[in-house]
Amino acid sequence: MGRAFEFRKARKFKRWDKMSKAFTRLGKEIVMAVKESGPNPDTNSRLRTAIQNAKGVNMPKDRIEAAIKRASSKEEKDYEEVVYEGYAPHGIAVVVECATDNLNRTVANVRMHFSKGGGSLGKTGSLDFMFDRKGIFKISSEGVDLEELELELIDFGAEDIYEHEGEIIIETPFTEFGNMQKGLEEKGLEVISAELQRIPTTRTELTEEQEEEVLSMIERFEEDDDVQAVFHNMA
């Protein structure tokens, strides 16, 4: 299930790149990381991850540095991370991760996106059982022996390792995210991206027409500036 989910995510991020949404999303992540543990990536693992991800989507260096500098200012607003859950049309479970400086605005927008898309906002925690949280790391496959790497990374929490389109995908349990990040750093492997994702435990098959209805609603969420990520269990 993780592999199929990763391939769907790859297609989704192509849409995000076209909208330049990724820069905004990662800029927020940098700000939150700096406010949480300071502006030095050497001592702030969350910031190191955010910078890696920003470089992975070709975010300009000066924009990364500007985000770090801005976050260090006392005048920079704080973002609160919040998760909303609900259903899209045809019973598809949807989890929306947000980072906001105005909770009232965000919850109103999220409710509106669900409503306009023919879905409904649910209670927090109501869909936890339908998703597993996992760490997903991407590194370049160039010059890497997949079998040897798998043996080396088992001790750092690797659950699954496979190659896809010139990249090696490494999956870990949620609790091993920091451990895997440390392991890759120790081995000098450059991380293209590192994310915590919600992998559905089961998937629902829909017709092509039904899929379009669900994707239309998901795209509304992705266009919202407060939304950081959207996960669903559509096959």
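How many bridges join strand β1 to strand β2? Eight, with β1 covering residues 80–87, β2 covering residues 93–100, and the two running antiparallel.

This is a predicted model, where local features need pLDDT of at least 70, side-chain atom pairs count only at pLDDT 80 or more, and totals for chains, interfaces and linings use all residues. Residues are numbered from 1 along each chain as its sequence is written, and side-chain values use heavy atoms, with hydrogens and water left out.

View 1. Strands (E, at least two residues) and helices (H or I, at least four) are DSSP runs, numbered from the N terminus, and two strands pair if DSSP finds at least two bridges between them. Glu85 stands opposite Val95 in β2. Contact means heavy atoms within 4.5 Å; axes are lines fitted to C-alpha atoms, for helices over the stretch in contact, and angles run from 0 to 180 degrees between N-to-C directions.

View 2. α2 is mostly covered, with 13 of its 17 residues buried (under 20% relative accessible area; exposed is over 50%, partly exposed in between, with a 1.4 Å probe and protein chains only). At 1.5 Å a residue, its 17 residues should span 24 Å, and the end C-alpha atoms are 25 Å apart, which agrees; the expected span is 1.5 Å times one less than the number of residues. Just after α2, Gly38 takes a positive phi of about 95°.

View 3. Leaving aside residues up to four places away in sequence, Leu47 touches Ile30, Ala33, Val34, Gly38, Pro39, Asn40, Pro41 and Ile68.

**View 4. The β5-β6-β4-β7 sheet.** In this open sheet, four strands follow the order β5-β6-β4-β7 with antiparallel pairing. Edge strands β5 (160–164) and β7 (191–200) have a single partner each, so one side of each lacks a neighbour in the sheet. Neighbouring strands are turned by 25° against each other on average, direction ignored. Nine bridges pair β4 (residues 131–140) with β7 in the antiparallel sense, and Gly135 has Leu196 in β7 as its bridge partner. Helix α6 (residues 146–153) packs on the sheet, touching β4, β5 and β6 (167–173).

**View 5. Phe114 meets Phe221.** The structure holds two aromatic pairs. In this one the ring centres of Phe114 and Phe221 are 4.9 Å apart and the planes are at 65°, so the pair is edge-to-face. (Rings of Phe, Tyr and Trp, its six-membered ring, pair if their centres lie within 6.5 Å; planes under 30 degrees apart count as stacked, over 60 as edge-to-face and the rest as tilted.) Phe114 belongs to helix α5 (residues 103–116) and Phe221 to helix α8, 107 residues apart.
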